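Dear colleague,

I am handing over the structure below, and would ask you to look at it before reading on. My notes on what was found follow it.

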Amino acid sequence: MKFTLQAKDTASKARAGVLETAHGEIQTPIFMPVGTAGTVKAVHQHELVQDIQAQIILGNTYHLYLRPGLDVLHKAGGLHKFNHWNGPILTDSGGYQVYSLTEVRKIREEGVTFRSHIDGSKHLFTPENVMDTQRIIGADIIMAFDECTPYPCEYSYARKSLDMTHRWLKRCVDRFDSTEPLYGYEQTLFPIVQGSVYKDLREKSAEVIASFNRDGNAIGGLSVGEPAEEMYAMTEVVTNILPQDRPRYLMGVGTPINILENIALGIDMFDCVMPTRNARNGMLFTQHGIINIKNEKWKADFSPIEAESDLLVDQIHTKAYLRHLIRSQEILGAQIASLHNLHFYLWLVKQAREKIVEGTFYIWKEKMVKVLGQRL
Ligand SMILES: CNc1nc2c(CCNCC3CCCCC3)c3nc(N)[nH]c(=O)c3cc2[nH]1
């Protein structure tokens, strides 16, 4: 998988690049929506079919493994065929989803045992079988099986967790490199840096991850409740060590401000469920700040959701109408709000990329960061 740097900001570590995968190229910086949202075509009562220009989507290994299950996905010829998406797909390894979705789980050297949140059945994820699972799903970019170190935690715990993640990484690489893709196109494996919020552990993990010399590298263990300053400090340490010529993926990040600050720290790829999750609750991200559409103040505001947006639903629907839909718990409200937020995130990273190419990113970022956090 080839990554070409096209521009670098002079006042920060921001980069613009192109990542070529078996299912097409990705322009970075990039925001990656969750698959169920990224491929949705928003069909509304006006028969307006408009899809957001997502370039790559995320598949959910943990969920797909449990339902519809690997036999269905294998028979379908992989996830691209199954959900009719012929662009690039990235899947996480499932470890984080087990940690965040299940109560009953045990972490051992062998792997992680857990009970399905769907039917309570018992399962075991190991570095080896999550490589096999991601081979069957067929994502273009797959993630190593890691332990997302909980926050906060003692230094000794972070150290032990880091060492196990590195031992699991070796098992992932051995398994991945000794198996073939199932559907006739190459897949690539990204290792994941851990180390919690301890500078020396982050440096050590970044060095170990870089030593595997993979096509891209991820930073995990952040956006887990730590203060933003800690997130930025750890990202800074790690991007100083990870190779310049490989994409860096900061997992689970973040708010629009987090994304801009981390682009300035040299991050190329992001994912976050916030745009869709918060949308259902009426939280709209806009280029002028954050709107809580359920607020009384929008009750009779018949202005467009976002006039400057090139998304049709932003122009034809009013704030008052969307407020009504969300308060009435209408599905259409969640659809419009999710579409709006995803479109905004994709617009934001596209703007960032253009400013990096122009050489004006840093000034633009400083201005945007002041506006994006405002409550309208
Ligand atoms: C939200 N914060 C956060 N997320 C993290 C995630 C998950 C990233 N998102 C995955 C997608 C979520 C939607 C469905 C498809 C997969 C992390 N994943 C791994 N493997 N390791 C982390 O340290 C790790 C750390 C993370 N921190």
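**Helices, a sheet and ring pairs**

Helix H9 (residues 256–264) is mostly covered, since 8 of its 9 residues are buried, where buried means under 20% relative accessible area, exposed over 50% and partly exposed in between, with a 1.4 Å probe and protein chains only. Please bear in mind that this is a predicted model, in which local features need pLDDT of at least 70 and side-chain atom pairs count only at pLDDT 80 or more, while totals for chains, interfaces and linings use all residues. Residues are numbered from 1 along each chain as its sequence is written, and side-chain values use heavy atoms, with hydrogens and water left out. Helices (H or I, at least four residues) and strands (E, at least two) are DSSP runs, numbered from the N terminus.

The buried residues of H9 are Pro256, Asn258, Ile259, Leu260, Glu261, Asn262, Ile263 and Ala264, and the helix is followed by glycine 266, whose phi is positive, near 100°. Helix H6 (residues 155–177) has 23 residues and reaches 33 Å from its first C-alpha to its last, close to the 33 Å expected at 1.5 Å a residue, the expected span being 1.5 Å times one less than the number of residues. Among the buried residues of H6 are Trp168, Leu169 and Phe176, and over the face of phenylalanine 176 lies arginine 135, at 4.0 Å from the ring centre; a charge sits over a ring if NZ of Lys or CZ of Arg is within 6 Å of the ring centre and within 35 degrees of the ring normal.

Turning to the strands, an open sheet of 3 strands has the order S9-S10-S11 with antiparallel pairing, where two strands pair if DSSP finds at least two bridges between them. Strand S9 (105–107) and strand S11 (122–125) stand at the edges, each with a single partner strand, so one side of each is left without a neighbour in the sheet. S9 and strand S10 (residues 112–115) pair over 3 bridges, with isoleucine 107 bridged to valine 112 in S10, and a hairpin joins these two strands through 4 residues. S10 is joined to S11 by 4 bridges, with phenylalanine 114 bridged to histidine 123 in S11, and in their hairpin, which has 6 residues between the strands, glycine 120 takes a positive phi near 80°. In a regular strand the side chains alternate between the two faces of the sheet. In S10, Val112 and Phe114 make up a covered face, whereas Thr113 and Arg115 make up an uncovered one.

A search of the whole structure finds 12 aromatic pairs, counted when rings of Phe, Tyr and Trp (its six-membered ring) have centres within 6.5 Å, with planes under 30 degrees apart taken as stacked, over 60 as edge-to-face and the rest as tilted. The rings of phenylalanine 31 and tyrosine 345 have their centres 4.8 Å apart and their planes at 55°, so this pair is tilted. The pair links distant parts of the chain, as phenylalanine 31 is in strand S4 (residues 30–32) and tyrosine 345 in helix H13 (residues 331–358), 314 residues apart. Both phenylalanine 31 and tyrosine 345 are buried, and ring pairs link Phe31, Phe285, Phe344, Tyr345 and Trp347 into a cluster.

With best wishes
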